Amino acid sequence: PSKEVPIAPAPQTDKAQESAGHKPSMFWVLAAQVGACCAAAIADPLCTLADTYFISALGTAELASMSPNVAICNVFATLAGSSLPLVSTTLVARALVDRSEKGEAAQIISVAFFVSLVIGLAAAVALMSAPVAWLSGFGCDPEVMGLAKSYFFYRMIGVPASLLVLTLQGIYSAALANRTPVVVIALAGLGNVILDPILMFTFNMGVAGAAIATSVTQWCAAGVLLYLMLGRDAEKFKLKKPPLGLASLPLPSMARAKKFLSLAFDMLVRAVNISLTWSVAAVAANQLGMISSAAYQLVYQQAIWIILGMGAFTTVGMAAVGRADQEQGKAYALETGLVLFKQALAVSAVIGGVVWMFKASIPTIFSRDLAVLAEVGPAMTPVVAILAILWYKALEGLLIGIKDVKFVSRQYFWAMGLSLLTGLYFKFCLATSVGSVWWGLLAYYGVLTVQFSLRAMKHAGVFRQFHQQEALKMKLA
């Protein structure tokens with residue numbers, strides 16, 4: 001009898017994907033997941049972009065005061081947010097499809113939640129204990145130190161909540177159920193946009209009002225996501241829920257905690273590198289003076305939400321590829337990753353083209369200061385190039401999904417080294433200011449794109465061999 005060639009399983013979404021015998025293609029299922037994950041990922045940076053818009057109305061000094069604050073927040077978000085949530089996504093995704101180990105998913109979720117909470121609280125205490133030292137270390141201009149401290153204190157209160165939101169979002173991504181965090185985070189973002197002008201202008205709180213609005217809405221989002229995960233959505237994560245009430249998380253075991261932290265360390269190496277690179281970029285820009293600091297902040301806020309949004313291809317890739325690898329093997333995992341790569345390539349091309357067309361007019365939305373805009377102009381060309389090659393995020397998700405984590409982590413060191421050399425070259429040899437920072441960052445992303453592409457091509461050899469074998473089986477049948 002003829003054998004059927006197995007088809008790579010399409011990931012399931014929040015609701016059943018099949019009706020009347022019709023099964024949507026993997027392309028559209030993955031596209032929906034990427035869209036939902038992207039919406040959740042960019043909600044927080046869009047809130048910061050809203051803060052930038054409102055704060056820029058207060059003046060250039062207020063805008064410059066945000067730059068060291070945002071850099072500090074990004075260091076924490078990158079160190080913790082690029083390790084713990086991604087590890088949660090990877091391990092929970094595999095546990096949810098593994099029928100051999102009962103209670104594995106609940107244990108991993110428990111470890112992820114409590115580790116994130118402890119690290120978030122510890123980081124908030126450490127940051128709030130020495131605001132001047134932290135701000136000075138990130139190149140804060142003495143002229144705006146008072147404004148920067150005002151924003152810093154209230155913004156740090158929301159640090160634990162921001163990490164919990166990222167971790168809970170990663171857990172939902174593992175179940176390919178991104179709709180819930182999208183809605184919750186979007187509502188929190190809307191609340192932030194509403195609170196910003198009320199606190200800043202109506203109550204005359206200035207930059208502190210923007211920080212308070214962000215922290216309050218982040219704690220609300222974290223609380224709602226946790227409530228939904230332990231209540232309505234408990235079954236999706238194999239959590240035992242009583243008929244009435246909420247599910248409870250088991251106490252994390254040492255064995256699972258070690259497994260979680262071991263993978264978290266590999267991801268932390270990657271996160272430290274990303275954090276150092278962006279920190280050096282921010283400090284270099286801040287040390288150029290108030291105008292350059294404001295210009296860097298303006299360009300950064302335009303680009304970072306797109307960069308983080310494209311990170312959805314990494315997150316969904318890790319979950320979808322990891323699940324496919326667990327259920328059907330590496331060849332099917334690579335097929336899933338290839339679909340995501342094609343989507344990322346198309347999206348990057350469109351984004352790069354659109355930003356290039358409007359690169360002169362976009363900055364004027366946020367600032368009318370001619371000196372700031374003059375600094376922004378030369379930086380837009382490398383920014384557009386960075387946005388156009390963000391398709392590498394899909395390849396990164398594929399590699400992590402098939403457990404090639406150590407290779408991914410190592411490549412960030414090569415990228416950082418070339419980034420520093422390129423930035424120094426443009427600054428001292430070509431006498432550019434803020435533009436030199438962004439040319440260095442372009443070199444950074446360029447190295448990652450090349451290295452991940454070559455590695456994925458190597459794995460694709462297995463993929464091609466598999467299909468040749470399957471074609472031969474079909475022919476013989």
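What volume does the second largest cavity have? About 40 Å³. A cavity here is a set of points, on a 1 Å grid over the protein atoms alone, where a 1.4 Å probe fits but cannot get out. Its volume is the space filled by probe spheres set on the points, which are joined across faces, edges and corners.

This is a predicted model, in which local features need pLDDT of at least 70, side-chain atom pairs count only at pLDDT 80 or more, and totals for chains, interfaces and linings use all residues. Residues are numbered from 1 along each chain as its sequence is written, and side-chain values use heavy atoms, with hydrogens and water left out.

Start with the fold. The chain has 17 helices and zero strands; these are DSSP runs, with at least four residues (H or I) for a helix and at least two (E) for a strand. Of its 477 residues, 57% are buried, meaning under 20% relative accessible area with a 1.4 Å probe.

Now go to helix H10, residues 254-286, where Arg270 sits. Arg270 is at 5% relative accessibility, so the residue counts as buried. Its side chain makes a polar contact of 2.7 Å with that of Glu396. Such a contact is a pair of N or O atoms within 3.5 Å, one able to donate a hydrogen and the other to accept it.

Back to the cavities. The structure holds two of 30 Å³ or more.

Definitions and conventions
Buried < 20%, exposed > 50% of the residue type's maximum accessible area, 1.4 Å probe, protein only. 1 Å grid on protein atoms, 1.4 Å probe; cavity = no way out; pocket = protein on both sides within 12 Å on 5 of 7 lines; lining within 4 Å.
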